[in-house]
Amino acid sequence: MSKRRLKLMIPGPVEVEEQVLAAMGEPVMPHYGAKWTELWRDTIDLLKRVFKTEGDVFLMVGSGSAGIDACIGSALQRGEKILVPSNGFFGERMARIAEGYGLDVRRIEVEWGEPISTAVVEKAVDENPGASAVAMVHLETSTAIANPVEEVGSIVRSAGMLFVVDTVSSLGGLPLELDKWGISLCASASQKCLGAPPGLTPVAVHPEAWEKIESNETPHGWYLDLRVWRRYAREWADWHPFPTTTATNNVLALRTSLERLLEEGIDKRLARFRGLAQRLRSGLREIGMPPFTSDEDMVPVVTPVCAPEGVPAGEVVDYMEQVHAIKIAPGLGQGLADKIFRIGHMSPALTEADIDRVLEALADFDVGWRG
Ligand SMILES: *Cc1c(COP(=O)(O)O)cnc(C)c1O
């Protein structure tokens, strides 16, 4: 069983830096007490700096979807109207989560592969004066399209609605300023641009969102209720500032990756990601497998690629794994699965050499590779 270690080039989970992985191997600590509470507070403070918020940040054990679930379920009550402009798989997931809470969900369908325009949101907001919230994905990872969160934020804020954003694949990879952009609630995940193993979801709440959360009258469980998380953060602040056992090693790993992000500097990190993305895009054009999105729509952390004419994209994905031990991702949804594959490059551990290795492997692709 001497299989080569698989190189992850998918849009999460990502390869993590050595120091981050080492934190996973530390002896297990108790999840309470003075020492742990200090490490925890530190981690929350680091997250606030990355989210660029002075509001509350909670760190839940769970995947990014759990965090989104907590945001929507905590802030909105059964029957309330929520507008969900969506241009991909994860936008649709936000709509499903909202439906799960019995909300009156108005989907605003935008073509997959196109960004959500401010005009579309403006129209929807005008036509639905009774709506309480707008929910939108920042980086729609399924199609590698970034949506204009800052601009939409100002529309939503002017309308006096809540703005819930899925920042699962954008935090640490795209510019994001929670307070400045007027984001009421958002959630991310440890295993994408933050460069830690899967298992944790950071959730951020703007101070102005609490009134709405506190007035929610429909019961929605306990674990994902943000009121519970705030209560423990306050009442057990000095020894156990969260409601349940936490994944201590995952927290230590995330803390390490956040420290490394802030040491490098957020702007520098984002510029490094952009440089790698550009290197990938120009290399892809050279080998005749051009990016599926235009340079204008480039996102720095995931690139959709057109499979060679007449070759199902899945063939390229299989070839990369079986011949080169590089895991890339298939296309997702709406007729794209056969035409495109996706290369994830959201890991802080990634280097130019990794990009070149992917390009060399792709350049060697031959339809007869199965022999
Ligand atoms: C990966 C991803 C999710 C799902 O995250 P999980 O951690 O798997 O729950 C949601 N939204 C976006 C934009 C993603 O990229």
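Mentor: Ring pairs join Tyr32, Trp222, Tyr232, Trp236 and Trp239 into a cluster. Rings of Phe, Tyr and Trp (its six-membered ring) pair if their centres lie within 6.5 Å; planes under 30 degrees apart count as stacked, over 60 as edge-to-face and the rest as tilted. This is a predicted model, in which local features need pLDDT of at least 70 and side-chain atom pairs count only at pLDDT 80 or more, while totals for chains, interfaces and linings use all residues. Residues are numbered from 1 along each chain as its sequence is written, and side-chain values use heavy atoms, with hydrogens and water left out.

The structure holds ten aromatic pairs. A pair of aromatic rings is described by the distance of the centres and the angle of the planes. Tyr232 and Trp236, both members of the cluster, form an edge-to-face pair, 4.7 Å centre to centre with 90° between the planes. Tyr232 is buried, at 18% relative accessible area, whereas Trp236 is partly exposed at 30%. Here buried means under 20% relative accessible area, exposed over 50%, and partly exposed in between (1.4 Å probe, protein chains only).

Another of the pairs joins Phe89 and Phe90: the ring centres are 5.0 Å apart and the planes stand at 90°, so this pair is edge-to-face. Phe89 is partly exposed, with a relative accessible area of 33%.

A ring can also face a charge. The charged end of Arg230 sits over the ring of Trp210, 3.9 Å from the ring centre; the rule is that NZ of Lys or CZ of Arg lies within 6 Å of the ring centre and within 35 degrees of the ring normal.

Now the wider chain. It has 13 helices and 14 strands; helices (H or I, at least four residues) and strands (E, at least two) are DSSP runs, numbered from the N terminus. Of its 371 residues, 58% count as buried. Among the contacts with a separation of 6 or more, 71% are between residues 24 or more positions apart, where contact means heavy atoms within 4.5 Å.

Val57 lies in strand E2 (residues 56-61) and is buried, at 6% relative accessibility. Val57 and Val203 are 146 residues apart in sequence, yet 5.5 Å apart in space, C-alpha to C-alpha. Leaving aside neighbours within four places in sequence, the contacts of Val57 include Ile44, Phe51, Val203 and Ala204.

Arg269, in helix H11 (residues 266-286), is buried at 2% relative accessibility. Not counting residues up to four places away in sequence, Arg269 touches Gly172, Cys193, Arg260, Leu261, Glu264 and Pro348.

Helix H12 (residues 313-324) has twelve residues and reaches 16 Å from its first C-alpha to its last, close to the 16 Å expected; the expected span is 1.5 Å times one less than the number of residues. Its buried residues include Val316, Tyr319 and Met320. An α-helix has 3.6 residues a turn, so residues three or four places apart point the same way. The buried residues of H12 pack against strands E12 (326-327), E13 (329-330) and E14 (340-344) and helix H13 (352-363). After H12 comes Ala325, with a positive phi near 55°.
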